[in-house]
Amino acid sequence: MAVVAQSGTPLTVSFTHDLPATYPDWIPVDTRLTPLGNEVRVMTHLHGGFVAGDSDGNPAVTPNGFGPGQTQTVDYTNQQPQMPASLLWFHDHGLGATRLNVFAGLAAAYILRDQYDTGTEPNPIGIPGGEYEIPLVIQDRRFNRDGTFLYPTSDIEGATWIGEYFGDTMLVNGKVSPFLEVEPRMYRLRILNGCNARILSLDIGGVSFWQIGAEGGMWDRSVPVDKLVLAPAERADVIVDFSRLAGQILMLRNNKPRPPVSTPAPALPPVMQIRVGTTVSQPGPATIPESLPGRAANLNNPVAIRYITLNEIDVDEPTWFLNLDGVHFDEGPVTETPQVGTVEDWVYVNLTADTHPMHTHLVTFQVVGRTPFDAAAYEEAYEGAHGVPGGIDPTPFATGPMQPPAPEERGFKDTVKANPGFFTTIRARFDLPAGVSPPQSYVHHCHIVEHEDNDMMRPFTVIP
Ligand SMILES: [Cu+2]
């Protein structure tokens with residue numbers, strides 16, 4: 001399903017818990033991580049939403065979530081410019097159980113329109129619309145022989161939680177072995193990586209993509225890209241021209257992402273077959289528009305810089321967990337407290353071996369760049385009980401200049417790949433929606449949902 005809303009028009013939504021009171025056996029809860037054991041507690045988060053803390057669906061505000069028969073009612077502001085025409089998604093965010101609730105199916109698309117991006121054809125932008133605009137939600141899954149979903153348990157004694165869930169079957173919009181029939185003309189594909197942990201690197205065998213936007217909406221111009229490297233929760237809005245491919249059978253394929261992106265995922269190449277027909281029923285746009293009515297991210301004058309470390313502790317032991325700033329999610333005082341209306345730089349200092357897609361609630365951000373550094377030396381200098389604490393500048397350990405963001409990072413984003421061997425700098429303005437007063441509490445976390453659940457997430461509070 002998808003909710004379609006208008007940018008600028010607020011929406012009130014009620015989510016009612018109509019699920020069983022406790023988890024069935026095929027959803028293996030690790031009761032060390034959940035606030036109420038094996039009870040099903042749901043909480044829906046609008047990913048990319050600019051909303052008040054108590055409409056955000058986050059565990060800093062409602063750590064116990066919502067139980068059977070309870071209703072979570074939220075106000076989605078759809079306010080401009082923070083929520084322009086864009087592809088968002090809403091999904092469960094239950095504390096310690098997000099990976100399981102999303103895996104089991106609590107995720108869907110949320111599409112925002114405006115006067116330019118109307119979703120119809122023709123439109124003022126000159127891009128494909130109507131049935132030629134196709135949202136593609138990609139998720140990998142495993143199955144039992146009876147067709148039910150399989151989520152494995154840990155083989156570490158005393159643990160149920162696993163470090164990452166990787167499927168052996170790709171689903172697009174919930175379909176196994178999907179195919180898409182297209183006409184030989186231009187299409188707009190809106191792709192969301194909805195996997196728990198898999199980083200996708202997508203291509204259509206030499207067919208070019210023209211990317212026109214990402215998480216934070218449309219850009220100011222189109223950018224050619226040959227592959228789409230999307231970590232969990234990242235989105236790409238692309239135009240693909242099938243007009244010279246009439247009669248061909250193509251494959252949307254997933255490849256191993258190139259370094260410095262790093263992931264332990266086993267290979268899973270086939271995503272979706274694309275069958276190009278021979279007749280066009282509606283010609284649509286003839287050219288890819290060069291300029292677009294969106295925006296590039298260009299924030300200035302940060303008033304603060306925060307260093308946030310990414311640590312992985314006791315790998316392959318029963319006490320295995322991940323963290324931000326060397327502390328658990330709810331351990332100690334809230335350390336990230338931006339003042340409302342100010343711009344801050346947040347620096348994600350990756351001390352692990354893999355890429356983590358870091359997601360901030362409330363704000364979309366500019367990717368400033370990634371700086372290579374000697375992670376081992378930094379760690380050795382500052383290591384505490386559970387990794388390196390937050391707040392320590394890694395710049396003295398840099399081994400080269402900051403690398404600029406990739407061309408496909410030109411717009412505002414809500415999820416960024418923090419690659420190993422680098423510290424990654426993002427910049428955001430911490431505004432609050434109209435009529436919402438500070439303090440307001442949110443979270444930021446890794447969007448590998450296994451990591452988020454254990455315990456790579458921290459609260460932050462926007463203060464007066
Ligand atoms: Cu992670």
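Predicted model: local features only at pLDDT ≥ 70, side-chain atom pairs only at ≥ 80, totals over all residues.
**The chain as a whole**

- You'll find 3 helices and 28 strands in the protein chain; these are DSSP runs numbered from the N terminus, with helices being H or I over at least four residues and strands being E over at least two.
- A compact globule of 464 residues would have a radius of gyration near 23 Å, and the protein chain agrees with its 21 Å. That radius is taken over C-alpha atoms, and the globule rule is 2.2 Å times the number of residues to the power 0.38.
- Picture the C-alpha atoms in a box of roughly 65 × 55 × 45 Å, taken along the principal axes.
- Of the 464 residues, 58% count as buried, where buried means under 20% relative accessible area, exposed means over 50%, and partly exposed is in between (1.4 Å probe, protein chains only).
- Among contacts with a separation of 6 or more, 80% come from residues 24 or more positions apart; a contact means heavy atoms within 4.5 Å.

**The copper site**

- Three residues coordinate the copper ion at 2.0 to 2.1 Å: H356 (ND1), C446 (SG) and H451 (ND1). Donors are N, O and S atoms within 2.8 Å of the metal (3.2 Å for Na, K and Ca), and sites may look incomplete because water is not among the atoms.
- Along the sequence, the donor residues follow the spacing H-x89-C-x4-H.
- H356 sits in strand β23 (residues 356–360) and H451 in helix α3 (residues 449–453), so this pair ties together parts that are 95 residues apart in sequence.
- H356 and H451 are both buried.

**Pockets**

- A pocket is worked out on a 1 Å grid over the protein atoms alone, as an open set of points with protein on both sides within 12 Å along at least five of seven lines; a cavity is a set where a 1.4 Å probe fits but cannot get out, and lining residues have an atom within 4 Å of a point.
- The largest pocket holds about 550 Å³ of space; grid points are joined across faces, edges and corners, and a volume is the space filled by probe spheres set on the points.
- Its lining has 29 residues, with V229, V261, A406, E408 and K417 nearest the centre of the largest pocket.
- Strands β14 (209–214), β15 (217–225), β16 (228–230) and β17 (235–241) each give at least two residues to that lining, and β16 gives the most, with 3 residues.
- The second largest pocket has a volume of about 340 Å³, and of its 18 lining residues, A107, V137, Q139, N173 and G174 are the closest to its centre.
- β7 gives the most to the lining of the second largest pocket, with 4 residues, and that lining divides into 13 nonpolar, 4 polar and 1 charged.

**Cavities**

- There are 6 cavities of 30 Å³ or more in the structure.
- About 70 Å³ of space lies in the largest cavity, which is lined by 13 residues, with S86, L87, R190, A214 and D237 nearest its centre.
- The largest cavity's lining divides into 6 nonpolar, 2 polar and 5 charged residues.

**Two residues to look up**

- E215 lies in the loop between β14 and β15 and counts as buried, at 3% relative accessibility.
- Leaving aside neighbours within four places in sequence, E215 is in contact with residues including S86, L87 and R235.
- T169 is found in strand β9 (residues 169–172) and is buried, with a relative accessible area of 19%.
- Beyond its neighbours within four places in sequence, T169 is in contact with Q139, D140, R141, F143, V176 and L268.

Note on methods
Residues numbered from 1 in each chain as written. Heavy atoms only, no water. Nonpolar A, V, L, I, M, F, W, Y, C, P; charged D, E, K, R; others polar.
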